[in-house]
Amino acid sequence: MSLRSGERQVTPDISKIRADHTNRYYWVLRHLVPHSRIIDFSCGIGYGSWIMAEDGHTVRGYDIDSETLDYADKNYRHESVTYWLANGENPPPIPDSDVAVSFETIEHIQDPRNLLKSLRAAPVLIASVPNEDVMPWQREDGATTAFHFRHYRKHEFAALLHECGWSVREWYGQLGPESEVERDVHGRTLIAICDRVEIPDILPPVPEQPRRHIAILGLGESLNQFTDNVKRAGGRSAFCDEVWAINALGDLFACDLVFHMDDIRIQLLRAEAKPASNIAAMTRWLKHSTVPVVTSRAHPDYPALVEFPLEDVLNHLGHDYFNSTAAYAVALAIHTGATKISCWGMDYSLPNVHHAEKGRACVEFWLGQAHARGIEIGLPTCTTLMDSNCGKAARLYGYDCVDVDFQVQEGGHLALSFKERDTLPTAEEVERNYDHSKPIAEQHQSLKETSNASM
């Protein structure tokens with residue numbers, strides 16, 4: 001991570017560093033014995049190392065970026081601090097120390113276990129991570145936190161530490177971006193004080209499945225949200241691992257697979273009947289595609305066509321329910337080991353075109369199959385797929401007279417509270433809600449307005 005990436009606090013004036021960052025280091029001072037030898041891993045521009053050195057400790061600060069360390073040596077130089085270049089993915093040997101401090105680090109490393117084990121050169125570790133319960137790694141619009149590989153719930157962080165030979169002695173936290181560190185606070189930042197213990201001698205851990213996010217692109221309007229997210233992320237490789245495109249999108253987007261499940265012989269018949277149609281245009285570029293095109297039957301004149309592994313998928317997943325190309329794509333993503341599937345442009349129901357295309361139920365069925373297998377699902381907020389364009393309350397049938405509040409508790413448990421509405425919907429509004437000839441977002445609009453009016 002470079003000095004000017006936007007992720008770092010960069011200023012020579014320590015008073016201008018965001019308060020929650022400096023507060024962590026001032027808080028650490030209360031847990032140090034005099035003249036401690038400290039490792040500050042991921043020291044950044046060095047303000048934290050400087051704070052601890054000013055208190056009488058000797059500090060070795062490590063960071064991955066040489067420019068950042070040059071800035072630290074220039075602006076936060078101290079006779080009791082030395083700065084060292086190091087990569088958390090493959091850390092160097094760490095000298096014996098009294099305490100290891102690692103704030104704002106673990107979430108930036110794809111596999112932090114090597115780092116956490118190397119920090120066992122100290123008998124005490126003080127470390128922080130973002131709290132997934134309070135500050136989710138992925139937002140509702142599908143975008144993920146820049147520069148972070150994941151966030152952690154408390155039990156997940158504790159399990160990671162235990163695996164690497166650390167036992168949590170005390171939990172602390174910070175509520176917000178300007179907060180002090182407080183004991184047992186379940187806020188946006190989790191902080192653990194840990195004691196070094198023996199690494200558990202149990203069965204070898206099962207290797208974690210590499211993260212594999214497959215984005216599947218359909219032709220609906222919510223495809224625009226995919227392009228917006230990719231632009232914000234800095235490119236498709238920063239947003240996802242693979243892009244699978246359906247039909248004509250294969251000639252529009254850089255993709256890893258194209259899906260065109262229609263038999264090309266049928267499409268050639270349609271093209272012959274209407275030479276100026278989009279089908280005719282598609283048969284022309286499919287013939288010369290440089291990207292594999294997944295379809296029902298291969299054809300010798302179309303070398304890019306590869307047959308969908310129907311028999312293998314049926315034997316693996318156990319259901320013969322595929323009424324659209326999108327459903328085949330989701331099923332193949334499950335079959336080939338995706339850890340996350342996001343669907344864009346699979347809208348089916350649009351304003352005034354509720355019966356635009358069949359297949360929504362089938363895609364939702366396969367997304368349910370994916371979720372049941374522990375695969376993360378990502379959907380744009382503007383799609384009708386799984387009613388993602390509706391608020392949570394609108395997705396709960398029968399709760400028209402109360403407002404339902406969703407609260408995520410420690411450990412991911414969901415708690416609900418119910419508040420009676422002051423004004424009930426009229427009979428006309430209820431009947432409109434029961435009218436399934438319109439998209440659900442339109443059905444619930446009047447009830448939503450009634451709810452807002454009563455608040």
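Reader: Let's start with strand β2 and strand β3: over how many bridges do they pair?
Author: Happy to begin there. Strands here are DSSP runs of E with at least two residues, helices are runs of H or I with at least four, and both are numbered from the N terminus. Two strands pair if DSSP finds at least two bridges between them. Strand β2 (residues 58-63) and strand β3 (residues 81-85) pair in the parallel sense, and their bridges number five.

Reader: Before we go on, which pLDDT do local features need?
Author: Residues are numbered from 1 along each chain as its sequence is written, and side-chain values use heavy atoms, with hydrogens and water left out. This is a predicted model, in which totals for chains, interfaces and linings use all residues, side-chain atom pairs count only at pLDDT 80 or more, and local features need pLDDT of at least 70.

Reader: Back to that pair: which residue in β3 is the bridge partner of Asp 63?
Author: Asp 63 is in strand β2, which covers residues 58-63. Its bridge partner in β3 is Leu 85.

Reader: Through which helix does the chain cross from β2 to β3?
Author: This β-α-β crossover is right-handed, meaning that with the strands pointing away from the viewer, the path from the first strand over the helix to the second runs clockwise. The helix on this path, residues 66-75, is α3.

Reader: How many residues of strand β5 are buried?
Author: Buried means under 20% relative accessible area, exposed means over 50%, and partly exposed lies in between (1.4 Å probe, protein chains only). In a regular strand the side chains alternate between the two faces of the sheet. Both faces of β5 are covered, with Val 124, Ile 126, Ser 128 and Pro 130 on one side and Leu 125, Ala 127 and Val 129 on the other. Of the seven residues in β5, the number buried is seven.

Reader: And which residue in β8 is the bridge partner of Val 124?
Author: On one flank, three bridges join β5 to β4 (residues 99-102), and these two strands run parallel. With strand β8 (residues 189-196), β5 pairs in the antiparallel sense over seven bridges. In β8, the partner of Val 124 is Asp 195.

Reader: Which strands stand at the edges of the seven-stranded sheet?
Author: The sheet is open and its pairing is parallel, in the order β13-β12-β11-β10-β9-β14-β15. Each edge strand has a single partner, so one side of each is left without a neighbour in the sheet. The edge strands are β13 (305-307) and β15 (376-378).

Reader: Inside that sheet, which residue in β12 is the bridge partner of Phe 259?
Author: Strand β11 (residues 257-259) and strand β12 (residues 293-295) run parallel and are joined by two bridges. Across this pairing, the partner of Phe 259 is Val 294.

Reader: How far apart in space are Met 261 and Thr 325, C-alpha to C-alpha?
Author: Met 261 is in the loop between β11 and α8 (264-273). Its relative accessibility is 10%, so it counts as buried. Met 261 and Thr 325 are 64 residues apart in sequence, while their C-alpha distance in space is 5.7 Å.

Reader: What is the phi of Ser 42, roughly?
Author: Ser 42 lies in the loop between β1 (37-41) and α2 (47-54). At 23% relative accessibility, this serine counts as partly exposed. Although Ser 42 is not a glycine, its phi is positive, at about 75 degrees.

Reader: Last one: which strand gives the largest share of the nonpolar patch?
Author: Patch residues have over 30% relative accessible area and no salt bridge, like charges being joined within 9 Å and nonpolar side chains (Val, Leu, Ile, Met, Phe, Trp, Tyr) within 5 Å; a salt bridge is a side-chain nitrogen of Lys or Arg within 4 Å of a carboxyl oxygen of Asp or Glu. Areas come from the Shrake-Rupley method with a 1.4 Å probe, and for residues only the protein chains shown count as cover. Tyr 399, Val 408, Leu 414, Leu 416 and Phe 418 make this surface patch of about 460 Å². Three of its residues come from the strand spanning residues 414-420, β17.
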